[in-house]
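Colleague: I'm new to this one. Could you walk me through it?

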Amino acid sequence: MNVAAAPDTQTLDLAIDGMTCASCVRRVERALGKVAGVQTVSVNLATEQARITGHGAALPSLVQAVEAAGYSARALAPPAETAARAAALQAIELRHLLIAAALSAPLLLGMVITWAGLPWMLPGWAQLALAAPVQFWLGARFYVAGWKAVRDFSGNMDLLVALGTSASFGLSVAALLTAGHHAMPALYFESSALIITFVLLGKYLEGRAKGQTASAIRALIALWPETARVRRDGVEQTIPLDQVRRGDTVLVRPGERIAVDGIVAEGNGFADESMLTGESLPVAKAPGAKVTGGSLNTDGFLAITVTAIGAGTMLARIVRLVEGAQASKAPVQRLADRVSAVFVPVVLGIAALTLLGWLLAGAALADAVQAAVSVLVIACPCALGLATPTAIMVGTGIAARHGILIRDAAALEQAHAVTLVAFDKTGTLTEGKPRVTGLAAAEGTSEAELLRLAAALQAGSEHPLARALLARAGDAALPGVTGFRALPGQGVSGAVEGRALLLGTADLLHGAGIGPDGVADAIAPGNTVSFLAQTLPQPRLLGAVAFGDAPRPEAVAAVAGLKAMNVRSVMLTGDNAGAAQAVAQAVGIAEAFAGLLPDAKATKIRSLRAGDVVAMIGDGINDAPALAAADIGMAMATGTDVAMQTAGITLMRGDPRMVADAISISRHTWAKIRQGLFWAFAYNIVGIPLAASGLLSPVLSGAAMALSSVSVVANALTLRRWRPAAR
């Protein structure tokens, strides 16, 4: 179990066996929802998994509930084990399909020769001998699952197939038994056998296609080496990966995969991180650089100090995000769920009316039964249940391969509708590597004193402005700081050499009763300005520091790309109006809102949502409220964990062009969902009337039903051809 966001709430994933259509999904959800302690249930037909959240729901009671509904369940196994199990089941499916095809082929041959006008057909008892194993051995699964559905007062695809093929088989047996000794009655054994063969073919092809949708997860997991070479107490040894500990030194030779997250302690080289970030070019690594497990050391020897292993690594987090997105259910799926709840009963009613209508019109019983069978067979809710989850699986998987991590299906669905993107400035549109461009000391303070105190106050901070101050101070000896405190969106405070200091925005100083007094006028245009003041022993302004932060080279293309997609861009920043306007003008953004504290950013996002679907892009702690307030939040993985945990989408590179890519993959996935649902409905809207009118034989209806599911999955797989423009 994985602990979720709410206190005492747990999430459990189950593997479900035996589901065939959207009606099955609804039955399993209903069964699990009745278990004590369960709060929410989401069952995914494409992944054949259930995600349960709640507290106090034990695994045995959940498994028992699923089995009572007519299916089987077990704790979700590791992906490698799941893939092996799926491969074994595929082998069994193929064997059954080949046997069914071999038994049905003579029946099909006789039907084709008869259609050609030649009077040849296998003897009736020979047809019965060929069709019976297909009907009652290879088709036994449909009887078992159909009976369980009836027992649960519901219906599914298996029930429709069982009823339809049984009607054809039973009608043929009755005709054979009542025919004269030398008479050759009209038999329909080929219909029952070929329908089951086509359904088995469809399930086999569907299983193969669904296996391809999970390729992204398998590719990510394959990045983990099984062993690592570590240096302990001066001795090098190769050990299993699960025996590596934080603080160990892992040695990586050229051409080897990096097994852990860590920091380079020795050596220089280049790491291929393309499978994690989508960045095609290798990234230089030197002492002090961070490395990520799963990346490939392409050149040079690296000694890495381990900072994270196993589930704590970035690769593990990526796998969990992708698995979570693929297991979740998009809001649009509710439409399919509502339809599937009444689909099978409605089809049974239509089949009954078809039978009655043909009989009232004076048709022979055999013709009436065949028309009703065609209705039962062609009407399959399987494609309806597969349309959304297969597209989501492929879409989230291909996005992850290109460095776009989508938290859940709801985020993927929401992103396609974005009409306005709100960018944070620092670290998102700019490089996030500011440098000190000017110092303005107030009367009674020298520039050297201003720099020394400001740098000392920021010595323990990881903020980009703090790093810029420390870089400007160089190797100068700095006094210690006590009582350091970060003031989000405003600045910092602390005591240096007995003086209580504030460093931050003009508003921060105003709050302390100290005015900037125009000290920064000469250095402020187009720059970010921080003011330094002391509040004790006596309040006074000490000076101002100006910082310059260049726009990212990709920022202009990012804004232009969004504009080409009819998406407007605005900028929100806590910086001053001059610095905000300078960056906005440089990257092509017309609207910039400056001087916003974190709460004000969130308020602004809510006001923008009044007329647009808004995506917020940020990377810092101060962006978290705005990310949460937006319709969809996108965080740069180069920023803070808080931002990534709040966002619905995480961009693994600090490249703002990926925002357009995230919207693009969402739009493409949404298009595939709509196409899949359209075809699923269209097959039935067109096929059922044709079948009821006798224009489709049961055999053609079975082929069309199998084709519907395969085509929906195959159409979703075309998403694998998507490529990001940012590349």
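This is a predicted model: local features need pLDDT of at least 70, side-chain atom pairs count only at pLDDT 80 or more; totals for chains, interfaces and linings use all residues.

Colleague: Let's begin with sheets. What is the strand order in the open sheet of six strands?

Modeller: The order is E17-E22-E21-E20-E19-E18, and the pairing is antiparallel.

Colleague: And which strands are at the edges?

Modeller: Strand E17 (435-441) and strand E18 (481-487), each of which pairs on one side only. On average, neighbouring strands of this sheet are turned by 20 degrees against each other, direction ignored.

Colleague: How many bridges are there between E21 and E22?

Modeller: Seven, linking strand E21 (residues 528-536) to strand E22 (residues 540-548) in the antiparallel sense. As an example of who faces whom, Ser-530 is opposite Val-545 in E22.

Colleague: What's in the loop between E21 and E22?

Modeller: Pro-537 is found there.

Colleague: Which strands does helix H16 lie across?

Modeller: H16 (residues 464-473) lies across E17, strand E20 (499-504), E21 and E22. Its angle to E17 is about 75 degrees.

Colleague: Switching to helix pairs. At what angle do H5 and H6 cross?

Modeller: At roughly 120 degrees, with the axes of helix H5 (residues 140-151) and helix H6 (residues 157-178) coming within 7 Å. The crossing is left-handed.

Colleague: Which residues make the contact?

Modeller: On the H5 side you have Phe-142, Tyr-143, Ala-145, Gly-146 and Val-150. H6 brings Met-157, Asp-158, Leu-159, Val-161, Ala-162 and Ser-166. Sorted by class, the contact of H5 with H6 has eight nonpolar residues, two polar and one charged.

Colleague: Now H20. Which of its residues are buried?

Modeller: In helix H20 (residues 598-608), the buried ones are Pro-598, Lys-601, Ala-602, Ile-605 and Leu-608. Looking down the axis of H20, these buried residues fall within an arc of 120 degrees, so they line one face of the helix.

Colleague: What do they pack against?

Modeller: The buried residues of H20 pack against strand E16 (420-424), strand E23 (568-572), strand E25 (614-618) and helix H21 (624-629).

Colleague: You mentioned E25. Which strand does E25 pair with in the parallel sense over four bridges?

Modeller: E26. Ala-615 stands opposite Ile-632 in E26. E26 is also joined to strand E27 (residues 649-651) by three bridges, and those two run parallel. There, Ala-635 has Thr-650 of E27 as its bridge partner.

Colleague: Why is E26 described as largely enclosed?

Modeller: Because five of the five residues of strand E26 (residues 632-636) are buried, the rest of the structure largely encloses the strand. Ile-632, Met-634 and Met-636 point one way, Gly-633 and Ala-635 point the other way, and all are buried. In general, side chains in a regular strand alternate between the two faces of the sheet.

Colleague: What about E9, which strands does it pair with?

Modeller: Strand E9 (residues 261-266) is joined to strand E14 (residues 302-308) by five bridges, running antiparallel. Glu-266 sits opposite Ala-303 in E14. E9 also pairs with strand E12 (residues 290-291), in the antiparallel sense over two bridges. In E12, Lys-290 is the bridge partner of Ile-263.

Colleague: And Thr-292, is that buried or exposed?

Modeller: Thr-292 has 19% relative accessibility, which is under the 20% cut-off, so it counts as buried. The residue lies in the loop between E12 and strand E13 (296-299). Among the residues touching Thr-292 are Ile-258, Val-260, Leu-276 and Met-314.

Colleague: What about Thr-249, buried or exposed?

Modeller: Thr-249 counts as buried, at 18% relative accessibility. Thr-249 is found in strand E8 (residues 249-252). Its contacts include Arg-229, Arg-231, Ala-303 and Ile-304.

Colleague: Last topic: where is Asp-233?

Modeller: Asp-233 is in the loop between strand E6 (227-232) and strand E7 (235-240). Its phi is near 55 degrees, a positive value in a residue other than glycine. With 83% relative accessibility, Asp-233 counts as exposed.

Colleague: And what is the phi of Asn-566?

Modeller: About 65 degrees, so positive although Asn-566 is not a glycine. Asn-566 is in the loop between helix H18 (555-564) and E23, and at 69% relative accessibility it counts as exposed.

Notes. Residues are numbered from 1 along each chain as its sequence is written. Side-chain values use heavy atoms; hydrogens and water are left out. Two strands pair if DSSP finds at least two bridges between them. Axes are lines fitted to C-alpha atoms, for helices over the stretch in contact, and angles run from 0 to 180 degrees between N-to-C directions. Contact means heavy atoms within 4.5 Å. Buried means under 20% relative accessible area, exposed over 50%, partly exposed in between (1.4 Å probe, protein chains only). The arc is that of the directions from the helix axis to the C-beta atoms. A crossing is left-handed if the near helix is turned anticlockwise from the far one by less than a right angle, and right-handed if clockwise. Ala, Val, Leu, Ile, Met, Phe, Trp, Tyr, Cys and Pro count as nonpolar, Asp, Glu, Lys and Arg as charged, and the others, Gly among them, as polar. Lists of a residue's contacts leave out its neighbours within four places in sequence.
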